[in-house]
Amino acid sequence: MAGGAFAEAGADLELIGISKRFPGFTAIEELDLRIPAGSFFALLGPSGCGKTTTLRLVAGLEEPTTGRILIGGKDVTNVKSFKRPVNTVFQSYALFPHMTVLENVAFGLRRRNIADPVGKAHEALRLVELDHLAARRPLQLSGGQQQRVALARAIVNRPALLLLDEPLGALDLKLRRQMQLELKSIQNEVGLTFLHVTHDQEEAMTMADTVAVMNRGQIEQMGAPEELYELPKTSFVANFLGQSNLFTGPVTSSTGSSIVVDVAGVKVEVPKDRAQRHAGEVTVGVRPEKLMLHTSAPKQSAGSNSLGPGRVTDVSFSGVSTQYQIAIPGIGLVTVFAQNMVFGPVVNLGSAAWVSWSVEHGFGLLDEPERAPRFAADTDTATIAMQTRHELLAEIEEA
Ligand SMILES: Nc1ncnc2c1ncn2[C@@H]1O[C@H](COP(=O)(O)OP(=O)(O)OP(=O)(O)O)[C@@H](O)[C@H]1O
Ligand SMILES: [Mg+2]
């Protein structure tokens, strides 16, 4: 921080051709990323995909094997960690237990001989709504309050770039949601650049302007949350960010604006501008909440796709909606989220059902179709249960 002093505003972050190899393991591969100043950027991905490694590279705690890191247009690849205009909030709060909350927040300012450390610390504490507890010690605070102190301690330094590594991981769901909103409004207020790492897709989608979905050390897709959700490009993104129903088949024809895919003998139409590929074997998908459930065969109509009949194999009620699993012969299990409305259809376990969706809601993926079929051809529940049992037994035997 010393070199960067106090930032008035956020700074751009640019990663150019970054890779990081640990002995015997490549954690990051050819990563290119540009985060504009003042944005709230989320790096989302499963455990072990390289999120923390990316943050550590930006913070200067780790050296890249190849590539360059620019902050505010300045190359900091060889700049020491403490000289970068960056602050990090880790999941463990690391507050000084013997100091008051106020002294914890003012500590960094005092060390750097910044004017009015106490006034500035109070201001940061007001931002996280904890100024009334300034005189307490960290151990006299709840986990969520300690988390907010850690945040105040980071933003009081006015880093041009704030790195957040799963900072809400330890909080319960309700507090977590509340802190998400708070963090977002703090970021709006101070205008700094936030790079937030999480494996919680809902957290990434509610907080960030831009989400990058990371998989095995690479970014699979990046964009505004709605864009990623509405138009995933790979099956990994389609299933990591919410749920998707995916079907694979050859493209058999195409009209001016759509492609038609043969899914186990059924024609499924997808708009060309929502499909990444227009020929060969393609995987197409539709989100569960875009599906309509029918208890009799829906009328064929232009602009709509339908599948069925199948059998309802699972019904689970979750308050605002009900999730149905429909096993459709030759196609597999299809998931439907139906809002619980007063006059909604009630579909019982075991009954026959059809699904339909508007063509404009489908999407087509870039991936090569998966080698192994995603579903067994026979979707009879008993058969699935038996297969699972056999797989488990095989696994146990191997172990
Ligand atoms: N010092 C190291 N030496 C060898 N491998 C490492 C080292 N640090 C991290 N890795 C490996 O690099 C990969 C990425 O690790 P990283 O900590 O970035 O994951 P992550 O995305 O933050 O995961 P999580 O969500 O579990 O925190 C992991 O497979 C990890 O085992
Ligand atoms: Mg991590």
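pLDDT is the predictor's confidence in each residue, from 0 to 100. This is a predicted model, in which local features need pLDDT of at least 70, side-chain atom pairs count only at pLDDT 80 or more, and totals for chains, interfaces and linings use all residues. Residues are numbered from 1 along each chain as its sequence is written, and chains are lettered from A and ligands numbered from 1 in the order in which they are written.

**Confidence**
- The protein has a mean pLDDT of 87, with 88% of its residues at 70 or more.

**Shell around ligand 1**
- A residue is near a molecule if its C-beta atom, placed from the backbone, lies within 6 Å of it; the residues around ligand 1 include Phe22, Lys51, Thr52 and His199.
- β2 (25-35) and α1 (51-59) each supply at least two residues of this shell, and α1 gives the most, with three.

**Packing of α2 and α3**
- Helix α2 (residues 101-111) packs against helix α3 (residues 117-127) at about 125 degrees, with axes 8 Å apart; axes are lines fitted to C-alpha atoms over the stretch in contact, and angles run from 0 to 180 degrees between N-to-C directions.
- α2 and α3 are therefore oblique to each other, oblique being the class left after under 35 degrees (roughly parallel), over 145 (roughly antiparallel) and 65 to 115 (roughly perpendicular).

How values were computed
Helices (H or I, at least four residues) and strands (E, at least two) are DSSP runs, numbered from the N terminus.
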